[in-house]
Amino acid sequence: MAESAQLKQMVMSLRVSELQVLLGYAGRNKHGRKHQLLTKALHLLKAGCSPAVQMKVKELYRRRFPAKMLSPVDLALPSVHSTSSLPGGLTSLGFDSHGSPSPGSLLVPKHELGLHPVHPDVKLQRLPFYDMLDELIKPTSLASDNSQRFQETCYAFALTPQQVQQISSSMDISGTKCDFAVQVQLRFCLSETSCAQEDHFPSNLCVKVNSKPCNLPSYLPPTKNGVEPKRPSRPINITSLVRLSTTVPNTIVVSWTSEIGRSFSMAVYLARQQTSTTLLQRLRAKGIRNPDHSRALIKEKLTADPDSEIATTSLRVSLLCPYRQRPVTDL
């Protein structure tokens with residue numbers, strides 16, 4: 001078991017050229033990107049490679065680190081070798097018992113401990129038009145290992161066979177457009193733990209999923225002159241950019257401009273979009289509220305509170321549809 005763990009650590013420290021040499025030596029396909037080659041090499045170990053292949057792994061590792069071999073102490077510590085060939089700011093990716101990237105495993109950005117918790121206790125507001133099926137990346141602090149104002153970091157996740165099946169079976173092709181009822185949604189919010197947070201985007205946000213640019217919600221027209229335009233509070237549907245594979249992880253590169261006194265979190269969820277029929281059924285199931293009850297609530301809000309220094313004199317109500325951000329009368 002110790003020998004197997006040691007070989008795995010050695011393989012994870014190899015570079016692209018060395019992984020290609022190893023796979024070619026074992027008679028396997030040596031074409032692909034770094035994460036693909038690494039997955040193939042780990043599968044090779046899990047399948048029980050020959051002593052000759054094991055010797056080749058050790059030989060390549062000695063070339064990579066001429067004066068160092070892994071010791072039991074190294075294996076007990078967080079892997080310093082496995083991160084040496086990963087992109088800057090990433091830690092290692094977890095693997096399951098079959099050598100595949102473990103579902104939901106995360107390439108977590110390096111943090112300065114004490115500034116931001118890796119996984120803050122942030123709750124995002126429930127989306128009225130979607131049912132959440134799974135959490136692919138739990139709310140994670142946006143943080144980078146540099147002190148520059150413009151920050152960039154990377155995350156990754158893998159899908160389970162069930163999740164791949166859910167997404168694939170929900171595909172709806174109408175004309176030239178392909179939609180999915182089950183979506184992979186990327187969400188951003190403020191790192192506030194006092195209450196459930198609405199979607200809120202960092203300044204100058206840019207997102208790439210599997211090296212492809214991701215379209216962000218368009219800016220809303222500013223209500224006042226001189227006010228920075230904001231994006232609507234909604235999740236980002238990245239389903240079309242996601243690899244529907246159980247063995248190849250998906251990467252998300254996020255860049256943004258840091259703000260003094262404000263920190264943000266990101267999360268990735270698997271959600272199912274509800275049909276209008278289902279939504280109407282749920283509304284009817286709730287029943288109709290008595291108008292007198294609504295009037296009483298409004299009066300209660302407007303009633304002067306002698307214990308409060310602030311008196312409510314008006315109550316603003318938005319008539320915009322929360323989904324389409326248009327007046328309800330236009331729908």
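User: How much space lies in the largest pocket?
Analyst: In this predicted model, about 860 Å³ of space lies in the largest pocket, where a pocket is an open set of points on a 1 Å grid over the protein atoms alone where a 1.4 Å probe fits, with protein on both sides within 12 Å along at least five of seven lines, and the volume is the space filled by probe spheres set on the points.

User: Which residues are closest to its centre?
Analyst: Among the 35 residues lining the largest pocket (an atom within 4 Å of a point), Y130, R234, P235, I236 and N237 are the closest to its centre. Residues are numbered from 1 along each chain as its sequence is written.

User: And which elements give two or more residues to the lining?
Analyst: Those are β4 (177-180), β5 (182-190) and β8 (236-237), with strands taken as DSSP E runs of at least two residues and helices as H or I runs of at least four. The most comes from β4, which gives 4 residues to that lining.

User: Switching topic, is L159 buried or exposed?
Analyst: L159 is buried, because its relative accessible area is 1% and buried means under 20%. L159 sits in the loop between β2 (150-157) and α6 (161-169), and its C-alpha atom is 9.9 Å from that of L270, 111 residues apart along the chain.

User: What pLDDT does the chain average?
Analyst: The chain averages 77 for pLDDT (the predictor's confidence in each residue, from 0 to 100), and 77% of the residues score at least 70. Over residues 69-114, however, the pLDDT is below 50. Where pLDDT is low, the predicted coordinates should not be read in detail. Local features need pLDDT of at least 70 and side-chain atom pairs 80 or more, while totals for chains, interfaces and linings use all residues.

Key. Side-chain values use heavy atoms; hydrogens and water are left out. Contact means heavy atoms within 4.5 Å. Buried means under 20% relative accessible area, exposed over 50%, partly exposed in between (1.4 Å probe, protein chains only).
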